[in-house]
Amino acid sequence: MIVSSLQPSRLLPNPRNSRCSAASAPSVPSTAASTIADEKKYILQTYGRPDVVFTKGQGALMWDTDGNQFLDFSSGIAVNALGHSDPRWLATLTEQAHKLAHTSNLYHTEPQVHLAKRLVDATPWADRIFYANTGTEANEACIKFARKAAKIAAGVDPYDPVSAAGAASEIVSFTGSFHGRTMGALALTYKDQYKTPFLPLMPGTVMLPYKNMEAATNAIKKGKTAAVFVEPVQGEGGIHPAGSEFLQALRTLCDEAGAALIFDEVQCGLGRTGKLWGHQNYGVSPDMMSLAKPLAGGLPIGAVLMTQKIADAMKPGDHGSTFAGNPLVCAAACTVFDIVSDPAFLDAVEKKGEMLREGLSAALAGNVHVKEVRGSGLICGIQLDQPAGAIVEKARGKGLLIITAGAGDVVRLVPPLIVTEAQIQHGVKVLSEIINEEV
Ligand code: PLP
């Protein structure tokens, strides 16, 4: 397989022949073929992976077992904001791992509080944070917080199922959305394909057409809604920005109904759009916001930021997690946050995003099968009039890692936020040549 023409190889050393340190080397050396065969034999087959085994990453580049180099415009699905093996992130991790990695939430630890302070202080509407381990878990926490807050707002005893039965409890989400894969978050997720085999899911959910104000008004005005979940920029759904008008309409409807407005910023948050939070592009604030993917630079983390009103509804014992907010991930997340929240860094993301969209729009102009190039900052979608899978494969064959979105007809680009302008230009060239040849 692959690559050769990628310019970035001149920028960084190719770590070919250094794939395992002596300390971590397995006793029987593995090859790509044996790793793939063992994956098929031992691991539950819930992922359709291509035949490539990655061993190393640096910045926006990755290398496979054969030393082939790839430019990573997927970032582990919008996770590796600082790219791979960022030295500042590594230094923090190493230092913290030497000190303390895990205590459970039975005790106070410093990094957890340091991160909480950073995130809350940077978010004007937020007063508190809750830690989880993934985006799905953060959304599950939001569901619980919203339902309990709605019971308290209704003046009923949340611990008494009889008196609490009449309180608003429905959770609204929208077509195209992705909120996770567990029974609550999955019930809020759009694609039937993800849901149907696992029915029945969490009851009490309502799926409305995205950006349809009338449908939202009719549903939320019924007074049964505890919360409305929306992604300020739909990621998995095909890179669709929600826009100010829709988010403002939801804000007003939620305020009138006493429902919580929840922004799922698991994919579009933390600098991805060129603003710290995706919703800052639209001037509308939520009552809760879920975060995850990029927050700890590649380690599992989830978080919910919330207003004091929501926080007041919760008390010790209401929710928890063994791993969430452990010192190791929180220390890493502090480093990621400090880098990404720098205004100059965010400006650069915005500029690189414009360069990416403008470059693609120019190179693909005239291709009738390309319907739109859209996005915000470094989350970019190319809408095709046909499936995008073959383009993803061809791009990988030429050393460019990209993914699909939407109904499989959108090319999704979510490069690391530290991607260089030269790498953007190179990615645009490789991808537009492939698209113009292929469709
Ligand atoms: N919410 C959004 C917007 C996502 O894009 C994702 C994952 O792609 C999730 C939630 C679920 O996050 P996780 O896979 O970390 O559970």
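Which residue takes a positive phi in the hairpin of β13 and β14? Gly377 does, at near 60 degrees, and the hairpin has two residues between its strands. This is a predicted model, where local features need pLDDT of at least 70 and side-chain atom pairs count only at pLDDT 80 or more, while totals for chains, interfaces and linings use all residues. Numbering starts from 1 along each chain as its sequence is written, and side-chain values use heavy atoms, with hydrogens and water left out.

A word on terms: helices (H or I, at least four residues) and strands (E, at least two) are DSSP runs numbered from the N terminus. Two strands pair if DSSP finds at least two bridges between them.

**The seven-stranded sheet**

- Seven strands make up an open sheet with mixed pairing, in the order β4-β12-β11-β10-β7-β5-β6.
- β4 (128–132) and β6 (205–208) stand at the edges with a single partner strand each, so one side of each has no neighbour in the sheet.
- Helix α10 (residues 244–257) lies across β5 (170–174), β7 (225–230) and β10 (260–264), at about 150 degrees to β10; contact here means heavy atoms within 4.5 Å.

**Around the ligand**

- Asp264 puts a polar side-chain atom 2.7 Å from a ligand nitrogen atom (a polar contact is a pair of N or O atoms within 3.5 Å).
- A ligand oxygen atom sits 2.8 Å from a side-chain N or O atom of Gln267, and an oxygen atom of the ligand is 3.0 Å from a side-chain N or O atom of Lys293.
- On its own the ligand has 390 Å² of accessible area, and the protein covers 83% of that (Shrake-Rupley method, 1.4 Å probe).

**The four-stranded sheet**

- This open sheet is antiparallel, in the order β13-β14-β17-β16, with β13 and β16 (403–405) as edge strands that pair on one side only.
- Its neighbouring strands are turned by 30 degrees against each other on average, direction ignored.
- β13 (residues 370–376) and β14 (residues 379–384) pair over six bridges; Val373 stands opposite Ile382, and Gly375 opposite Cys380.
- Helix α13 (residues 343–364) packs on the sheet, touching β13, β14 and β17 (410–413), and makes about 175 degrees with β13.
- Helix α15 (residues 421–438) lies across β13, β14 and β17, at about 10 degrees to β14.

- Most residues other than glycine have a negative phi, and most peptide bonds are trans.
- Ser104, not a glycine, has a positive phi of about 70 degrees and lies in the loop between α3 (87–99) and α4 (110–121).
- The bond from Leu199 to Pro200 is cis, with omega near 0 degrees, and Pro200 lies in the loop between α8 (192–195) and β6.

Key
Axes fitted to C-alpha atoms, helices over the stretch in contact; angles between N-to-C directions. Polar contact = N/O pair within 3.5 Å; in protein donor to acceptor, adjacent residues only side chain to side chain.
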